[in-house]
Amino acid sequence: MKKALVLASGGIDSTTCLALAVKEYGSENVVALSMFYGQKHDKELKAARDVAAYYGVAYKELDLSLIFADSKCSLLSHSEEEIPTDSYAQQLAQTDGKPVSTYVPFRNGLFLASAASIALSNDCTEIYYGAHSDDAAGAAYPDCSEVFNMAMSAAIFEGSGQALRVHAPFVSMTKADVVKTGLELNAPYHLTWSCYEGKESPCGKCGTCIDRAKAFAENGMTDPALKGE
């Protein structure tokens, strides 16, 4: 029986990945793995725990915060940088093609490498993660691109003795497409958290809040998390 490990951030992309994996393998054959990387709040970790509990899958957390201790990324608790309140397109217009300030350096590469070790130790044959094309657009998050995914997938497949494969089912899809898929799977979006701020309610102004609202609007609905459903 195949088993899958899903990188679970508590947001809508990873939650949709988890819904896909549970449908494919059954909850008893899925492990959700969340990462603490020194972010300014723990609301996304709480959301990841809630989503894992909803599906009844095994859940693990890993602390990688020391690795990012020297980063000035605005998402990190030690950073003096303010989290931008513009869309990613607006931010990229000011970066000369460089990643945006909320890019955590090579985060997905580190997450996938760490997940590979944990997946192999738990007899998993697949890793799922929720990278999508909107995040990769304009090199905002270069570790969400198809080229990056192909390279990491090949490295993990060979480095695991061809025992472990990486799946990024949304890597060529938009966030609106991801939401459409999740709605079809009845993913528990009301439990998720995407906002870069850790306030009582999503700020509605950061890049991920803007993208999330747009993705639900393109599917003709309001974000369930905002309605408290």
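**Helix packing, pocket and backbone**

Author: To begin with packing in this predicted model, the buried residues of helix 7 are in contact with helix 1 (12-25), helix 5 (133-136) and helix 8 (207-218).

Reader: Which residues of helix 7 (residues 175-184) are buried?

Author: An α-helix has 3.6 residues a turn, so residues three or four places apart point the same way. Buried here requires under 20% relative accessible area. In helix 7, the buried residues are Lys175, Ala176, Val178, Val179, Thr181 and Gly182.

Reader: Which helix gives the most to the lining of the largest pocket?

Author: The largest pocket has a volume of about 210 Å³ and is lined by 15 residues. Helix 8 and helix 9 (224-227) each supply at least two residues of that lining. With four residues, the helix that gives the most is helix 8.

Reader: Is aspartate 123 buried or exposed?

Author: Aspartate 123 is found in the loop between helix 4 and strand 4 (126-128), and its phi is positive, near 60°. The cut-off for exposed is over 50%. Because its relative accessible area is 60%, aspartate 123 is exposed.

Reader: What is the phi of phenylalanine 106?

Author: Phenylalanine 106 occupies the loop between helix 3 (88-92) and helix 4 (107-121). At 44% relative accessibility, phenylalanine 106 is partly exposed. Its phi is positive, near 55°.

How values were computed
Residues are numbered from 1 along each chain as its sequence is written. This is a predicted model: local features need pLDDT of at least 70, side-chain atom pairs count only at pLDDT 80 or more; totals for chains, interfaces and linings use all residues. Side-chain values use heavy atoms; hydrogens and water are left out. Buried means under 20% relative accessible area, exposed over 50%, partly exposed in between (1.4 Å probe, protein chains only). Contact means heavy atoms within 4.5 Å. On a 1 Å grid over the protein atoms alone, a cavity is a set of points where a 1.4 Å probe fits but cannot get out, and a pocket is an open set with protein on both sides within 12 Å along at least five of seven lines; lining residues have an atom within 4 Å of a point. Grid points are joined across faces, edges and corners, and a volume is the space filled by probe spheres set on the points.
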